[in-house]
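I opened the notebook to record what I looked up in this structure. The entries follow in the order I made them.

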Amino acid sequence: RPLMEPAAPAAIDAPRPQAAVPARGIFLEFLKLGIAAFGGPAMLAHIREVTVNRKKWLSGDSFQEGIALCQVIPGATMMQIAGYAGFRAGGFRGLIAAYAGFALPAFGIMLALSALYRSGRDLSIATSVLIGLQAVVVALLFDATLKFGRSTIKGWRHFSLAALAAGLFLCRISPVATVLAMAACGFLVFKMDGTPKPRASEEEGALRRSIRPALLLLIVLLAGVVSLHLIAPGLLPLSVVMLKVDLFAFGGGFASLPLMLHEV
């Protein structure tokens with residue numbers, strides 16, 4: 001009798017194809033997230049709720065892979081996760097939309113607060129408020145240290161590297177040099193001997209399609225830097241300082257604070 005056809009594999013909870021979600025929808029969702037984005041790492045659960053559970057833009061596994069990727073590259077982790085989710089949901093346009101929507105509320109709030117500080121920093125009320133906020137910042141950093149410590153330090157090797165880095169910071173070694181030294185130590189301590197997971201052809205195609213717009217964006221940014229130097233030369237050193245801080249801020253926004261303190 002004829003052989004039966006093999007059963008089709010079960011459907012896998014995979015994310016939608018690239019560019020399936022309109023950029024406008026991604027922008028609006030991340031704009032709403034950005035308005036409520038208080039607490040830094042606490043926003044991770046809210047981003048997952050929207051992109052995985054409610055909108056079904058990503059699978060749970062894809063979101064976890066994005067978290068792992070964003071934790072090993074420098075910069076603000078929540079911003080990178082927003083960009084990753086936007087890219088997986090809507091391609092390169094989705095990435096830009098997610099970045100813009102997520103960052104716009106904080107940008108507007110900080111612009112307004114900076115203007116108020118500049119005009120009222122000599123007032124006694126403003127001085128009192130700022131002194132209180134300094135204590136709050138210390139408390140926030142302490143809380144972040146505990147949270148990151150519980151989720152990151154999982155053995156004696158992690159603890160040894162963390163203690164060594166803390167010692168270098170206490171000795172007032174340059175934070176940039178400390179980050180580079182810890183990266184080298186981490187490579188030696190945590191060498192991986194496996195082969196990388198093969199990338200799906202669909203993802204390879206999406207990455208190839210994103211190379212051209214990414215290069216175009218890089219050219220636009222470089223042109224902006226040149227224009228900034230010609231129009232307002234005094235702002236160029238500030239841009240270079242912030243670029244250096246972001247390039248070495250492994251561990252998210254809180255990790256940029258000692259670097260920024262050192263540079264500024």
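Entry 1, a surface leucine. I looked up Leu130 in this predicted model and found it partly exposed, because its relative accessible area is 30%. Leu130 sits in helix 5. I then noted that Leu130 belongs to a nonpolar surface patch, together with Tyr117, Ile125, Val129, Leu133 and Val136. Helix 5, residues 124-152, provides the largest share of the patch, 5 residues.

Which residues touch the most other members of the largest nonpolar core? I found Ile26, Phe30, Ile47 and Phe102, in a core of 22 residues. At least two residues of this core come from each of helix 1 (23-35), helix 2 (43-54), helix 3 (60-71) and helix 4 (77-120). Helix 4 contributes the most, 9 residues. I also listed the contacts of Ile26, leaving aside neighbours within four places in sequence: Val21, Trp57, Gly86, Ala89, Gly90, Gly94, Ala97 and Ala98. Another core of 6 residues lies apart from this one, and Val245, Phe248, Ala249 and Leu259 are among its members.

I counted 4 salt bridges in the model. Glu29 pairs with Lys32, with 3.4 Å between the closest N and O atoms. Both residues are in helix 1, 3 residues apart, or about one turn of the helix. Is Glu29 buried or exposed? I put Glu29 down as buried, because its relative accessibility of 8% is under the 20% limit.

Glu29 also forms a salt bridge with Lys55, at 3.5 Å from N to O. Glu29 is in helix 1 and Lys55 is in the loop between helix 2 and helix 3, so this pair ties together parts 26 residues apart in sequence. Lys55 is partly exposed, at 28% relative accessible area. I noted that a network of salt bridges links Glu29, Lys32, Arg54 and Lys55.

I looked up Lys244 and Glu263 next, and their side chains meet in a salt bridge of 3.4 Å, N to O. Lys244 is in helix 9 (residues 236-247) and Glu263 in helix 10 (residues 253-263), 19 residues apart. Lys244 is partly exposed at 36% relative accessibility, and Glu263 is partly exposed at 25%.

I found 0 disulfides. Cys171 is exposed, with 58% relative accessible area, whereas Cys185 is partly exposed at 25%.

Conventions:
Residues numbered from 1 in each chain as written. Predicted model: local features only at pLDDT ≥ 70, side-chain atom pairs only at ≥ 80, totals over all residues. Heavy atoms only, no water. Patch = residues over 30% accessible without salt bridge, like charges linked within 9 Å, V, L, I, M, F, W, Y side chains within 5 Å. Areas by Shrake-Rupley, 256 points an atom, 1.4 Å probe, with all protein chains shown as cover. Helix = DSSP H or I, 4+ residues; strand = E, 2+ residues; numbered from the N terminus. Buried < 20%, exposed > 50% of the residue type's maximum accessible area, 1.4 Å probe, protein only. Core = buried A, V, L, I, M, F, W, Y, C linked by side-chain atoms within 4.5 Å. Contact = heavy atoms within 4.5 Å. Disulfide = S-S within 2.5 Å.
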